[in-house]
Amino acid sequence: MIAKNELHAADLYDMSLKTLQSHLSLDIDGYRCSSEMALSALVKAALDNTSLNAVCDDLDGVADANTIREHLNSTLDVSELARQECEMNVALAAGLPHELARAGMEVAIDFHDEPFYGKTDEARTYSCRGQAKKGTTRFMRIASASVIWRGLRLTLALTYVLPE
């Protein structure tokens, strides 16, 4: 028997997808790819703790991972990082349980480094240097603030970390 406060994977998927669709201004309208398809694949990859490639290979009627990445790269402009960050933080806040205490909690702050292999000077201005890993010393860095609540890790907010 499942406790009242536990969510089924399908419910969590639906809630996550609806939250992102209502808070992110993602405008993809391609021949083989739409905003809903891209978000759906990304949510599934996150919930399954797998790659976008694996999700796209497993699902019928979904564009391949490179097509989704191309559309995301053309839609998500680095000059709009502040807006994207704000939208993500609003979406994260919308997903927090109402019962979560709003004060007096221990918060963990983590850095997440994603290897960056870009060559353009503009793109390199947004990447941070670090110890060599996975063939590069450059990384796209994101910091997140999280709490543990009822055995679940909840991300409260995130921010892009720029080199300066």
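Start by selecting Asp57, Asp58, Asp64 and Glu70: together they make a patch of negative charge on the surface. A patch here takes residues with over 30% relative accessible area and no salt bridge, with like charges joined within 9 Å. A salt bridge would be a side-chain nitrogen of Lys or Arg within 4 Å of a carboxyl oxygen of Asp or Glu. Areas come from the Shrake-Rupley method with a 1.4 Å probe, and for residues only the protein chains shown count as cover.

Before you go on: this is a predicted model, where local features need pLDDT of at least 70, side-chain atom pairs count only at pLDDT 80 or more, and totals for chains, interfaces and linings use all residues. Residues are numbered from 1 along each chain as its sequence is written, and side-chain values use heavy atoms, leaving out hydrogens and water.

Now zoom in on Asp57. It sits in helix 3, residues 52-58; helices (H or I, at least four residues) and strands (E, at least two) are DSSP runs numbered from the N terminus. Is Asp57 buried or exposed? It counts as exposed because its relative accessibility is 66%; the cut-offs are under 20% for buried, over 50% for exposed, and partly exposed in between.

Next, step back to Asn49, in the loop between helix 2 (35-48) and helix 3. Check its backbone: phi is positive, about 55°, although Asn49 is not a glycine. Most residues other than glycine have a negative phi. Asn49 is also exposed, at 72% relative accessible area.

Jump to strand 2 (residues 128-133) and strand 3 (residues 136-149), which run antiparallel and are joined by 3 bridges. Strands count as paired if DSSP finds at least two bridges between them. Select Cys128 and you'll find Phe139 of strand 3 opposite. The hairpin has 2 residues between the strands, and there Lys134 takes a positive phi near 55°.

Follow the chain to Arg150, in the loop between strand 3 and strand 4 (152-161). Arg150 is another non-glycine with a positive phi, about 50°, and it is exposed at 56%.

Finally, zoom out. The chain has 6 helices and 4 strands, in the order α-α-α-α-α-β-α-β-β-β from the N terminus. Of its 164 residues, 29% count as buried, and the C-alpha trace spans about 50 × 40 × 30 Å along its principal axes.

Key:
Patches are made of residues with over 30% relative accessible area and no salt bridge: like charges are joined within 9 Å, nonpolar side chains (Val, Leu, Ile, Met, Phe, Trp, Tyr) within 5 Å. Lys and Arg count as positive and Asp and Glu as negative; His and the chain ends are not counted. The place of a charge is taken as NZ of Lys, CZ of Arg, CG of Asp or CD of Glu. Buried means under 20% relative accessible area, exposed over 50%, partly exposed in between (1.4 Å probe, protein chains only).
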